[in-house]
Amino acid sequence: MSDDQEAPTFTGTCPLPLADYPTVQLAHGGGGRLSQMLIEKVFLEAFRNPALEGLGDGAVLELAAFGLEGGGRLAFSTDTFVVHPLFFPGGDIGSLAVHGTVNDVAMCGAQPLALSAGFVLEEGFPMEQLWTIVSSMKRAADEAGVPLVTGDTKVVDRGKGDGVYVNTSGIGLVPEGVDVAPTRARPGDRILISGGIAEHGIAIMSVREGLEFETELKTDSAALHGLTGALLDELGDRVHVLRDPTRGGVASALNEIAGSAGVGIRLEETAIPLEEQVRGACEILGFDPLYVANEGKCIAIVAAEAAERALELMRGDPLGEKAAIVGEVTAEDPGRVVLKSRIGGERVVDMLSGEQLPRIC
Amino acid sequence: MKYVDEYRGSEEAQKFVAAIERLVTRPWNLMEICGGQTHTMIKAGIDRMLPDEVTMIHGPGCPVCVTPLELIDRALAIARRPEVIFTSFGDMLRVPGSTTDLLAVKSQGGDVRMVYSPLDAVELARRNPDRQVVFFAVGFETTAPANAMAVWQAAQEKLDNFSILTSHVLVPPAMEAILSAPDNRVQGFMAAGHVCTVMGYWEYEPLAERHQIPIVVTGFEPLDLLHGAYLTLEALEEGRSGVVNQYSRSVEREGNLPAQKLLKQVFEVCDRKWRGIGEIPDSGYKLRDELAGYDAELRFDVGELVAQESPDCIAGEILRGLKKPHECAAFGVRCTPEKPLGAPMVSSEGACAAYYQYGRHKVAS
């Protein structure tokens, strides 16, 4: 039989070796190496297309490709929020869901236009808490100037959800002359961070059951499209990469960038903005702040000659007052992030494998 | 940040490195006992700042790493029980037993919770009178007083739904075992400052005398480690043995006496098996007989579970300082933090994990 000459393609096999992970682990959602493996081997494998392959915070679609006259570029992003606890110092799941997606669209270089929201509610969830969350979403959307234009609600049986899960999606337009993508990081580029890192992760940690500790620290959750807009308006395509280092923190975001651009990244530990309280909490818990989540910070990688101006522009925004130039892109050590430590030693800042766990002693 | 920045100054670090370079005339092998020290050393890049003559051997002081495999299997068996809330410090959750780890038991429906203090586990027991709350009490002398306090409080309140699964280990017997081994290479110790904060350092004096070596009680910040290395090397170059206290801001010769008293009330010394090293006489704590009711091994009858180590893992040689992590054939290939074969790859204090996370750069080049 001639059909036998060519083996049929069998697409029903899960490409992630089952022997390794027969069930989903928490670390598959932790933003580190296991998350990356899940995305690349399962989701990208199944849905592969050029827009998805960028693996950015969102997709940028050329409207001309859809036969739309006039062209232009649309940024499109989605994010699901399963944070626990639902309410934490300085925010809640509602404000976080708005800021998160606004920022994902902004990191594509776009100005966000509209949001959608999907709610998964657990039977028995107090209506008053739901109203608090919804009000907080409205406030965040109003402040950001991005309307919430469509939505969906589902209710699941008691015990089958964690109170509320929220999904938000957002669209925005990428202005002409803007070209940001992780692959655009070039040797010589400077790396900026818009302010103190690790604040969101530590604020959440401070109210987790079993770990409560006293702190005045609040989440940094905020919408960053004003800040990125100011950068892009003036510096245009000299802004090469934008990224909000959410779960997995600055270290994971920079590792992804180094990997996709095939460049090295060199950081100065002493230059990285870090509030005293956050640093103290990290010391106590044995956490490296480079791996702790942020929800209102932006990493910008810009051409060397634009770095000082980019710093001024960031510092001119209330959300970027403590911005700093923290390192540069190099041709050496492609794919690696290397940090010069406070005492002058050097170490590789690798991708995290799972969640950071507080140490015994 | 106060009490941190003072011990991380770049200029002072360079001064210590220069002083060590002037001091050293021949090769020396030093061992830092504690995993926390190993971690700082590699994170700050200290091992690469020291002159070539100085070889740092990473000691067995990682509580997660030396907890025997069967004890982890026992923890997993207890954590799977529906009536149990199993509590543990964070870094124990990912340590593999023979087949799986506590995080995987959690993802299969086990009630496994991370706590920051054993007293939080006691609080959980108070708030959940219809559940059995078990705390995984591992660690050295440093964590033992807090664990003792948890049992003591539970006993005072007659909380019969609280118990601990314990595998406490003690540092001096392990140092004795390392020094007495025929293939020992260690010439000077940087002793674990936090262990000495609790226990003092008088126990080390006869050890230093017997083996004619210097033991320097050392802290955990980068400058502590450089200072500790300097003092150990100075003693070696001058041919001195004995105990020196570098970590005097925290450690006194007699240690923390109230903590020691509590330890005696709750625990008694016993023989302990160390993962990768084997059984060491009088090297651990178990609950005193009158508190045996709080022993989870007895309560859940898991004492008979035994386990076999992966034949590929050379954790024993690593923990005794005979090999470096990257000298293991499985390192970074079949053994990574995602799929660790042995405990030193799991804990952030483990030598293998520290090498993997911070040192790969050096290994590759």
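Helix α11 of chain B (residues 222-238) has 17 residues and should span 24 Å at 1.5 Å a residue; its end C-alpha atoms are 24 Å apart, which agrees. The expected span is 1.5 Å times one less than the number of residues. Helices (H or I, at least four residues) and strands (E, at least two) are DSSP runs, numbered from the N terminus.

This is a predicted model, in which local features need pLDDT of at least 70 and side-chain atom pairs pLDDT 80 or more, while totals for chains, interfaces and linings use all residues. Residues are numbered from 1 along each chain as its sequence is written, and chains are lettered from A in the order in which they are written.

Buried residues of α11(B) include B:Leu225, B:Leu226, B:Ala229 and B:Leu233; buried means that 20 or more other C-beta atoms, placed from the backbone, lie within 10 Å of the residue's own. After α11(B) comes B:Gly239, with a positive phi near 70°.

Chain A is divided into domain 1 (57-174) and domain 2 (182-348), with bounds from an automatic or database assignment. Their centres, taken over C-alpha atoms, are 23 Å apart.

Methods. Buried ≥ 20, exposed ≤ 12 C-beta atoms within 10 Å, placed from the backbone.
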